Amino acid sequence: MGNHALSYGAMLGRSQVIAAYPITPQTQVVELLSEMCADKTLDAMFIKVESEHSAMAACLGASLSGARTFTATSAQGLALMHELLHWASGGRLPVVMGNINRAMAPGWSIWSDQNDSLSQRDTGWIQFYCANNQEVLDTVIQAFKVSEKLLIPSMVILDAFTLSHTYEVVDIPEQEKVDEFLPPFKPEITLTPDDPHAFGGLTSPEHYFELRYKLQKDMEKVEALIEKTGREYEKMFGRYLGIVEEHLCDDADLIFITSGTMGSTAKVGVDELRKEGIKAGNLRIKVFRPFPFDVVRNVIKGARKVAVVDRNISYGHHGMFFQEVKSAVFGHSDGIPIFGFITGLGGRDITPSTFREIAQYVREKEKPEENIVWIGVKK
Amino acid sequence: MRLSLPEEELMNSGHMACQGCGATLAMRYVLKALGQKVALCIPACCWSVIDGPFPYSSLDVPIYHCAFETAAVSASGVKAGLEMVGDTETTVVAWAGDGGTFDIGIQALSGVAERNDDILYVCYDNEAYMNTGTQRSSATPYGAWTTTTPVKHFKNRPKKDMEAIMAAHRIPYIATASVGYPEDLFKKVKKAKDIQGTRFLHIYAPCPSGWKSRPEDTIKLARLVVQNAIFPLYEIEWGEKYTLNIKIKEKKPINDYLRIQGRFRHLKKEEVAFIQEEVDKKWERLLANVNGNQ
């Protein structure tokens, strides 16, 4: 299951300190990692904290001391960590965290949507969205490498149940080869009495601005680094991660833009539409932060229409992928109509027919008439 | 004259404390006892300012300025991290004020204590949110004025009994100390340093600006508060074994202590009498614990 793929990623990455708190649908991660730490499959210290807030706080302390750290959470737990997500990126502490996409309460929901992680998009974390369990495992290992190189934390994100609890065959790379790919974490400056520094003290307007400028400048290097790291990984393990996954986009008239597991569902939808003679394609975005503006713009430039499908909403605005895609083409666009759809909130099923419905809507309109088209709302 | 504390200083001049600051003395004495093999986790509190702004520091030991409510668990994380990179010697200290301990940090502290994580937790207690300008905390004593407990509505609840809460966690070591008794404080830090597991040290640290007391009265207050049994100095081992460190033959009247602090100036006779009653009751309870008749 996806939760095990996440745990194996953390194990193969030789996480040294893990601090986590159980939350459905993440629990198999804390369970499996507890087992691995107990039987020494993984030489790590697992701090079994009393909250997600403390989970992240412990990870930050451990990371500052020079240890590779991992945690995992979901929804309410991620929201509780919010303050410390800023602390991680602001403190340049490359924690890697799994987040299982789960809808925010109330009402209580344990099912998937992306509002939990996308609400954290401005906290300075790299965000990877995965579509299958192999990708989950491969992404964790690569996330450590990317994060530690640039000192920016990473979130590896997977859908509740459709990934977290779904069994798939996953190739588990050999430890020796992973070690070769991912050397130990050796930050230049750590919290140690041998070389005392004060970290994160009162920072006046004289200095704060530049610290944030540097974070953004390094965030701008992430995309190229993910590509480079992905190629190294591909050479050793035969699988390329990359920033996006294109499916029949080259000659497509209509391109869906998707993320997470609905990106796989969209491919089935596209194939069905193609059989009917509709030239559809799917662009699945794997990295939301930093947002791959150039890549997206290049892929969609030949299309006649674009349909962005969001499993999330920014209340009072639109779907969040839709916002970003529009901002990617703004000032560049030769006027491709971009439609925004919201579907699947709170774990409502997204099926190939969802994409058929979207295609039908888009084909009937010359250009968008509203900013949000709701798919599947019961009347 | 023989020095009763080591001469070596790990706290330097140039720090940003107010005159007569008890918290500063607390840091100075604690570092003298711990030596240089220390890592500090300091959440939002006076000491996050006292140390000095980025890129300066007035301490010769490393500091992680951590989030307000995370002192204890940040220290646990640091300890785990250091161990995993091969450093098992460094004493990891969470250094928080009373707000960061009694209020916003109590959840993380309780978690750390329950797990018995190997850290030294020091709370320097100036009995209110002093860094933000004297707002009441749950460490503020009955009767005190603060900016959020104005004279007309002074604090009408007792100070939270943090030692009892920590004792309920059955951790190896709990101690109270006062900057008015540096040798006792020094001895306790030395003792705590060599104990494994969660150690909790509660240091009484007068705050002239918040208490409306004279800077030159800091030591006097820090001694009187022990002698009148408002803040007795004792240890608790494994939540059970109580030891009284500064014996009191006859408790000094609390009025000598209250009247030199502006924060208590509004108190009427009957309120002072009530405080005295509460102090007496608490003192009897402590003696019962010390004598093993719990």
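Visitor: How do you know which domains chain A has?

Guide: The bounds come from an automatic or database domain assignment, and for chain A it gives domain 1 (2-237) and domain 2 (245-374). This is a predicted model, where local features need pLDDT of at least 70 and side-chain atom pairs count only at pLDDT 80 or more, while totals for chains, interfaces and linings use all residues. Residues are numbered from 1 along each chain as its sequence is written, while chains are lettered from A and ligands numbered from 1 in the order in which they are written.

Visitor: What makes up the contact between domain 1 and domain 2 of chain A?

Guide: Residues are in contact if their C-beta atoms, placed from the backbone, lie within 7 Å. By that test the contact takes 27 residues from domain 1 of chain A and 21 from domain 2 of chain A. On the domain 1 side, α6 (115-118), β5 and α10 (222-237) of chain A each give two or more residues, and β5(A) gives the most, with four. These names are DSSP runs numbered from the N terminus: helices (H or I) have at least four residues and strands (E) at least two. The C-alpha centres of the two domains of chain A lie 28 Å apart.

Visitor: What makes β5 and β6 of chain A a pair?

Guide: Strands pair if DSSP finds at least two bridges between them. Strand β5 (residues 126-129) and strand β6 (residues 154-159) of chain A have four, in the parallel sense, so they meet the rule. Within this pair, F128(A) stands opposite V156(A). Both strands belong to an open sheet of seven, ordered β2-β1-β3-β4-β6-β5-β11 in chain A, with mixed pairing.

Visitor: Why are β2 and β11 of chain A called edge strands?

Guide: Each of them, β2 (45-47) and β11 (287-289) of chain A, pairs on one side only. From one strand to the next, the sheet's twist averages 20 degrees.

Visitor: How do you know how compact chain B is?

Guide: The globule rule is 2.2 Å times the number of residues to the power 0.38, and the radius of gyration is taken over C-alpha atoms. For 294 residues the rule gives 19 Å, and chain B has 18 Å, close to that, so chain B is as compact as a globular protein of that length. Chain B holds 11 helices and eight strands, and 53% of its 294 residues are buried.

Visitor: What makes up the side of chain B that touches chain A?

Guide: In all, 39 residues of chain B are in contact with 37 of chain A. The largest share of the chain B side comes from α3(B), with 11 residues. By class, that side has 20 nonpolar, 13 polar and six charged residues (nonpolar: Ala, Val, Leu, Ile, Met, Phe, Trp, Tyr, Cys and Pro; charged: Asp, Glu, Lys and Arg; polar: the others, Gly among them).

Visitor: What joins strand β7 of chain A to β2(B)?

Guide: Two bridges join β7 (residues 198-199) of chain A to β2(B), and the strands run parallel. Across this pair, A198(A) stands opposite I63(B).

Terms used. Axes fitted to C-alpha atoms, helices over the stretch in contact; angles between N-to-C directions. Contact = placed C-beta atoms within 7 Å. Buried ≥ 20, exposed ≤ 12 C-beta atoms within 10 Å, placed from the backbone.
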